[in-house]
Amino acid sequence: MRKARDLIGLPVVELSTGEQVGEVRDVLFAGDGSFHSLLLEKGGLVSQTKVLPKACIWAIGQDAVTVQRREGVIEFKDESGVMRSMIEGEVHYVGKDVLTAGGDLLGTVEDVYLDDNLETIVGYEVSEGFLVDLREGRKVLPTHPEMIVGMDALVVPEDLGFIEG
């Protein structure tokens, strides 16, 4: 497993020139939790939001993301409105409360775990608060088909337990 937060801040480098074409600002996911693209620039009044789609990524290493050609970086448009982000955006994961269907608060999402191939979300790193994190460490909640990722909370089945991170 690899934390999605580890991708934030990585430079994006074009292989043919060795030039940096951007820096990862966020990780974007499709509605089903599959990795979609990397957000490179936040749009403003003049500039458009730029993304690097998964299909255009050559490799994601520990220290950089590489691409064959900078033309893979495109303007981002979410016509479907179902894109989810790790940190920013309408529906994001980090900072979201984790509630059981019975209404018990389990903690707050601090990170998202991706599978070894960086294809899909396999778990959520959950904080139960600063002091508990120091004493016991953060816990990992595995994905489950009955999970609901809402605007304000991640709702999980009552019997879903934490796994070793």
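Of the 165 residues in the chain, 41% count as buried. The model is a predicted one. Its secondary structure comes to one helix and 16 strands. Two parts are followed below: a five-strand sheet and the surroundings of tyrosine 124.

**Overall build**
- A compact globule of 165 residues would have a radius of gyration near 15 Å; the chain has 17 Å, which agrees.
- The C-alpha trace spans about 50 × 30 × 25 Å along its principal axes.
- Take the contacts between residues at least 6 apart in sequence: 44% of them join residues at least 24 apart.

**Surface and charge**
- The accessible surface of the chain comes to about 9,000 Å².
- Carbon and sulfur atoms account for 50% of that surface.
- There are 15 positive side chains and 30 negative ones.
- The centres of these two charge sets lie 5 Å apart.

**The five-strand sheet**
- The sheet is open, and its strands are ordered E9-E6-E5-E4-E10. Pairing is antiparallel.
- E9 and strand E10 (84-85) stand at the edges. Each has a single partner strand, so one side of each is left without a neighbour in the sheet.
- Strand E5 covers residues 35-41, and strand E6 covers residues 50-53. Four bridges join E5 to E6, and the two run antiparallel.
- Strand E9 covers residues 74-75. Two bridges pair E9 with E6, again in the antiparallel sense.
- Valine 51 has bridge partners on two strands. It is the partner in E6 of leucine 39, and its own partner in E9 is isoleucine 74.
- Lysine 50 has glutamate 75 as its bridge partner in E9.
- In a regular strand, side chains alternate between the two faces of the sheet.

**Tyrosine 124**
- Tyrosine 124 sits in strand E13, residues 121-127.
- Its relative accessible area is 4%, under the 20% cut-off, so tyrosine 124 counts as buried.
- Leaving out residues up to four places away in sequence, tyrosine 124 touches Tyr93, Val109, Asp111, Val112, Tyr113, Lys139, Val140, Leu141, Thr143, Met147, Val149 and Leu154.
- Tyrosine 93 is 31 residues from tyrosine 124 in sequence. In space, the C-alpha to C-alpha distance between the two is 8.6 Å.

Notes:
Residues are numbered from 1 along each chain as its sequence is written. This is a predicted model: local features need pLDDT of at least 70, side-chain atom pairs count only at pLDDT 80 or more; totals for chains, interfaces and linings use all residues. Side-chain values use heavy atoms; hydrogens and water are left out. Two strands pair if DSSP finds at least two bridges between them. The radius of gyration is taken over C-alpha atoms; the globule rule is 2.2 Å times the number of residues to the power 0.38. Buried means under 20% relative accessible area, exposed over 50%, partly exposed in between (1.4 Å probe, protein chains only). Contact means heavy atoms within 4.5 Å. Accessible areas come from the Shrake-Rupley method with a 1.4 Å probe; for residues, only the protein chains shown count as cover. Lys and Arg count as positive and Asp and Glu as negative; His and the chain ends are not counted. The place of a charge is taken as NZ of Lys, CZ of Arg, CG of Asp or CD of Glu.
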